[in-house]
Amino acid sequence: MTGSANGSLNWADTRNLVLLLQAGTGYAPEMAPRSFLQWPVVRQLSTGDLLGRGPAVTSAKTEAIAPRTATADRVVQSVCPYCAVGCGQRVYVKDEKVVQIEGDPDSPISRGRLCPKGSASEQLVNSPGRQTKVLYRAPRSTEWEHLDLATAVEMVADRFIETRRRTWQQEDDQGRLLRRTMGIASLGGATLDNEENYLIKKLFTAAGAVQTENQARI
Amino acid sequence: MANADCIVIQGSNMAECHPVGFQWVAEAKARGAKVIHIDPRFTRTSAVSDKHIPIRAGSDVVLLGALINYVIANDLWFKEYVTAYTNAATLVHSDYRDAEDLGGLFSGFDPEKRAYDTSSWGYAEEGEGPIGSPGSEHEHGADASARAAADTFGSGGPPLEHAEVQRDETLQDPRTVFQIVKRHYARYTPEMVRDMCGIKVEDFEYLARTITENSGRDRTTCFAYAVGWTQHSLGAQFIRAAAVLQLLLGNVGRPGSGIMALRGHASIQGSTDIPTLFNLLPGYLPMPSAGRHDSFEKYIAAIGSKQQKGFWADADAYTISLLKAWWGDAANEANDWAYDYLPRLTGAHGTYETVMGMLADEVEGYFLLGQNPAVGSAHGRMQRLGMSHLKWLVVRDLNLIESATWWKDGPEIESGELRTEDIETEVFFLPAATHVEKAGSFTQTQRLLQWRHQAVAPPGDCQSELQFFFELGQRIREKLAGSEDERDRPLLDLTWDYPTDEHGDPDAEAVLAEINGRHLAGPDAGKPLSAYTELRPDGTTAAGCWIYTGVYANGFNHAANRKPGQEQGPAAPEWGWAWPANRRILYNRASADPAGKPWSERKKYIWWDQEQGKWVGDDVPDFPVDRAPGSNPHPSVGGPAALGGDDPFIMQADGKGWLFAPKGLVDGPLPTHYEAQESPVANALYPQQQSPARLVFPRADNLSAPSGGASGADIYPYVFTTYRLTEHHTAGGMSRWLPYLSELQPEMFCEVSPELAAERGLEPYGWATIISPRSAIEAKVLVTDRMRPLAVGGHTVHQIGLPYHWGVGSNAVVSGDAANDLLGVALDPNVQIQESKVASCDIRPGRRPRGKQLLDLVADYQARAGLTTETSNQAVTDPAAEGIEPASGEDGRPDGGTG
Amino acid sequence: MTLSEFDSFRPTKPGGRRRKDGKSARGRRGDYGDGSREMPMVPEPEFTSYYGRPVVKPAPWGDDVAIYLFLGGVAAGSALLGVGGQLTGRPTLRRNARLGALAAVSAGAVALVKDLGRPERFLNMLRTFKVTSPMSVGSWILSAFSAGAGVSAVAEIDRMSGHRLPLGPLRKVLQAVEGPAGVEAAVFAGPLAAYTAVLLGDTATPTWNAAHEELPFVFVSSACLASAGLAMVTTPVREAGPARNLALLGVVGDVVAMKVMEHRMDPIAAEPLRQGKAGTLLKWSERLAVAGGVGTLLGGRNRVVAAASGLALLAASALTRFGVFEAGLASAKDPRYTIEPQKNRLAARRAAGVTGDAITTGG
Amino acid sequence: MGQLSGPTDPTADAHWEHSHPRKGFFTDTSICIGCKACEVACKEWNHNPQDGDLELLGSSYDNTGALGASTWRHVAFIEQGQERIIEARESGRALVNLGMPRIGPPTSEPSPMDLAEADTTPPDTADFRWLMSSDVCKHCTHAGCLDVCPTGALFRTEFGTVVVQDDVCNGCGTCVAGCPFGVIERRSNGTVKVAASREEQHAKHPEVPNVGVAQKCTLCYDRLVADETPACAKACPTTSIKFGDHDDMVETARERVSALHAQGLTEARLYGANENDGVGGTGSVFLLLDEPEVYGLPPDPRVPTADLPRMYRRAGMAVAGMAAAAALAFLGGRA
């Protein structure tokens, strides 16, 4: 018995009988909010999907399904932080939280594709293992302790100036200008932005700290 | 690479380390290109290549030299290209002695200084002396070799006094570069390749035939390399050898040609363009050195003379613009544009020298900015012990990497060498923002700047480096505000006023605008510059990095251009912005013949349009756009104006591609095979075993294994090489904290051949301990046919593969021993990179001992091998055979002549 | 490998060990599929698999499901005995059988729900009626059967408690409907006993699937002998005549069906029935069944012997269910039982000239 | 009413009104570089928990093991020597000489390429190869899991793919046994407990979603609804995983395999492209370079429901037998 399209059943008069039955038994498993006619067994008949394979068995949640890329508040174009191929990435944000990072099909370099690391970028941002609090270890201490950010930066600035003063070299033994400190060094830059590298190089060079290095060397 | 007809991947494992870039190799392969992977291991790149050729780690120059020899001997080199565009026809000065004459050394080697005086390698000149470097007329040999040390050069084009060279267009004169190259590689034969690299002769034939069949007018071959070439004590010469081969075959500056550097990090190219490196200023200008650049004039002259050809002649404009950008009005003509505000170098201050400085208590403060040296740098133990000498350490990262927690759970705590309670170092861990929590630009491996927009604000205490260093700079300037001390002037006069948003985060685009540069005077003062040709040496322009000028042209951010790739041609110029001047293939003038016509219809790229009187094509021409092919200005004019119509290499001092490098390299004008710092094989080509100019650090904590069959070499009989896996990222800071990546490759392992496993009784997927002269680590054993024993130098050499992503710590999802602990410190003299791709070790089944017994095991091996600080550290292997008598001064060594 | 101070005490892992359900860490079949030469193992001639890992997945069922198979059988048989007692006037047999049926089916249902991944959603079983799903058809059979068995058993309990159940006006309805309910339960008794065989047969588990021809007869016979056994235990000899007959028929059916099944199955897929834990279980179930049968035949009239034989038969049926259950899971965990029978079957079809129906094609 | 076996359009069988072309994958393992981007992209999109024991599994670079409840993409790694390569080439050649399965209207294809005379001497046979293949749910035309599912949790989408509705499934597990490829699995909370010592620094490890529910690849049903490419196909760097209309995928597969054969690489073969196989052809078509069992795939899978009518008949006979036995027991003499 192949029922015609959904809803055009001509058993209108049976509907209230069915509702009565439903009210009576109070039995309505997961489709409680929907009418008795949504019960898959009934839908197997109404939609003709007798074997209960497709439209007869879909749940409310399935019918309302939508990808989080479509329900995101905004999409931002970005670049993968891992290797130097520079694959384009699209970052989907909802309620000020990154919900998805995937390839950017517009990129002529990567054409929307990503490697395993690039695909794990969302977990890099949202991983529970990520450290978001400042930590401080006092000399000879065996444990970390918490510190607020402003104090930490202040302490670093003090130590920077103090070390610079203690290890300053104005001239070499032949009286040639040096104007530098060998007491401060830095390592890192290949994972940073050009603008960040620029400020670091500008600040350290002005301060005389020549030992700035990064992964390009190793 | 997609346009290549043959792609040779050597010194790289592209499918694993640059998987998405590899789609273009797959594209080429689908169109019928041949892909050949030359690597000690059969890797995932080899799995999809047409041919994998196993090679003994460290013997690349023998193979490339043999290819050069094959190309010349069989007359397969690209004649018109080589004669017109390279310095093949240029004559070299008569003082020059080749490695063939001096048993592996070149002329000008000073054993005490362990460096060359490169003046004897200069071009011949009308007069009798070689064309020297500008500003070097009256220098002694000793100073010359000191000057030759890498730290005096920016990595830009090495300078020449002038470009009036002698040439023999017939290439017959024995002093022409061509004949010198031919003679230099005459003994690099297929049989030599078989004996030194372990490559079968038929494999070599296949490789040579495939490359030469796919070169010339109609077809191009492309090489791709990564740290597999660079991380050697002879690294720069590996790449030079490929450059010589590609120049001979005409494979430079053309679509599907060239030597593709596959760089490792998101913006490692950016971090050398705007370098947080000790020897460079932005735009590859050299950092001034005491004794060499004591005055502004000397500094400018050292970079490039006004008479040499090419754009380096305008170095004054670039430098002054940089100084104006940094110090604004405080930089004026009177004080040489504040040149004396710049600190001076007194030698090489690379990261390894710095760590040795820490061990000598010379360094008090250390910033780690997204780098994990405790696992990523060579000689991990020295890195961690060095940090224990610091007064304060600031680590800025996303996760609690091993370099931040070594004082608590590092290997030295476990082995008892360090006690947490005795470590004085103060450690600050400041959480950093990820790439989606800050705006900024990355420069990827094709010099393309791509802008990232900020998606969300950083969580918790996380800050971007931009904000942290801006704030640190502000606090330091506030604390020094009242200072009258002259040393603080550079900090106080710094231009440091960037607009900030409500969170205090400086506006990255303002910084990019400063990098791009702007006019300071004249009608359009304050407006951004649009090309580096607009830079002036009179202080009317400011530019933070001259090669990036143009990224902010007309006031909007070209790095943020996002015209979809599908709507553009293959070069896709409107996606991001490539330095310099948005060119995508450098030296692309060479894609046309001397008359300006494309070499072939198939490989058309840039050509001369007679009517319009300018160069046109698919890319921004890398050539003065209106310079006719036939034009031949007199070289004495100097600078860009002196570039002839057939000088595609506009950055070289003579406008030509250098087969022979008279300047710029400190360990030889021509790539010459030397064995690695530690190698079980003797150098069969020359008496000289290792590279004479390599930088070694003879220290008790940096011993090397005996090499070349010396006594004790059998204690560390096997060769090991380190490499990456596609599932992890360098020292693991961004992958071993992620469950999804950690479960793909959870444990440290070593890859060994079945023969080695049988020889040492290693059980598949069981444990093994690997011992080197520096340390011992444990790893699971992967017995696989992908590792092949090679017959080299008359005996079988086993190679062991070690991924280096794991580190000892308790914070990551997965941890393990660090392969880099096994490595010593031996550096390439040109760029100070460490040798991590080949070293000697022993391997035995079972887990490594814990605690103190680990140190005993390493010490026991050192004793049995009889290691001293001198082992493998000699500069000259056999002074007699190499024409070097330490005492006397006969001809082999020009002593102190103006040379 | 998380490095902890206890690592040195942990012995190096001898070989593959089971990781979590379904993914055995490493079974070294010695195949040379994985390229690394295995020192000690001699590679088996032509059998290759992916590092010895299963091809299909065993059903994630625990012993609860085997218990349900057994109890389902008992309930089904008891319902038949119940209706038999009802029609031929054997009140004690009827009462015991009906109570037995309800008890068995309730316990069985509880076991089933407990084994579900999400027990709180057990009612979803009646969400659809899918004829292609033995579990769906079975769920409806189980519900219908339970209704009938429930009503008839409640009537019995009401009578046993002297009508003290707070039924009020419903009592008359109950007594009226008690008879038909018993019959209704009996109607669904057969399907209840047989559908579980189709449930196992209609899977990709090699041994179950290969046995789908004869498994219904094994399960039905096992149901008969189990319920008869229960009746012989609970009901005095006087009224247990039919139970004894049913027991005999059940034993004969069970033994014959097992033999035919093992004979007609694909020989490789039948191996698990004779090996390991399943093999022992099935061997003992056959012995107990025969013992129970003989006991019933010879000493069926003696109350003690009958009870003993009854227990033996119950045990026999349980062991049959657990044995078949275990054999199936074992056959799924070892790739050989999936790959070799399929390769043989494919080769046989090829030999017979049928070439168009393989999943692997040259073009 | 819908068929139980044989070639058919599954979407029509399920009586979907609005017509979508059937979607599917074509996985060309000959260009797979084993980077596992598909595994990570899939897990990241579906928020599947990490489910490994964080130990080497002893199967070359594959530490994932197999498909499962939290692993809907699995890349297999097989290292093979020369003799294995030659065997694969021979078995492939035999397959080709069997001829194309020519059922149904003759497609525009040229006549089956008779390889006998074509020069199929392989190029220099590599003495070693490293097979890599990304395995996934087959989305069969006749899906064993879908048929045996009692609650209707598994259903045929309008795109012809097979998806589990995790709000309906009660974890009965019969689908796990029903799948002839061993793809679907009930998710246990098998996540490795995060190293205890790290508890205090960060948030508790996120609890495992959908425990006890059967889980498998949904062919990114939620993305298909918004006309987006599945996460794995989008991420795959060499497009070894291709996505599109099923018919186009089969066409591309056939062209690719004949191209490889023309180059003498006769070991290439298709898996799941034949709609007359035991599951009516699969939604995910594969190009393999060796026998399916080397990759852990069944050589001749058959959807169990194809024999269901016969099983019901046998069960019916058993029921009749039981009834007869019961009747006989009562009517028979007083034994």
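1. Helix axes here are lines fitted to C-alpha atoms over the stretch in contact, and angles run from 0 to 180 degrees between N-to-C directions; helices are DSSP runs (H or I, at least four residues) numbered from the N terminus, as are strands (E, at least two). This is a predicted model, in which local features need pLDDT of at least 70 and side-chain atom pairs count only at pLDDT 80 or more, while totals for chains, interfaces and linings use all residues. Residues are numbered from 1 along each chain as its sequence is written, and chains are lettered from A in the order in which they are written.

2. In chain B, the axes of helix α4 (residues 60–73) and helix α11 (residues 235–248) come within 9 Å and cross at roughly 15 degrees. That angle makes α4(B) roughly parallel to α11(B) (angles under 35 degrees count as such).

3. In chain C, helix α8 (residues 267–274) packs against helix α9 (residues 276–299) at an angle of about 70 degrees, with the axes 5 Å apart. The two helices, α8(C) and α9(C), are therefore roughly perpendicular to each other (65 to 115 degrees). Pro272(C), Leu273(C) and Arg274(C) of α8(C) meet Gly276(C), Ala278(C), Gly279(C) and Leu282(C) of α9(C) in this contact.

4. Chain B as a whole has 25 helices and 29 strands, and its C-alpha atoms fill a box of roughly 75 × 70 × 60 Å along the principal axes. Of the contacts in chain B with a separation of 6 or more, 72% join residues 24 or more positions apart.

Key:
Parallel < 35°, antiparallel > 145°, perpendicular 65-115°, else oblique. Contact = placed C-beta atoms within 7 Å.
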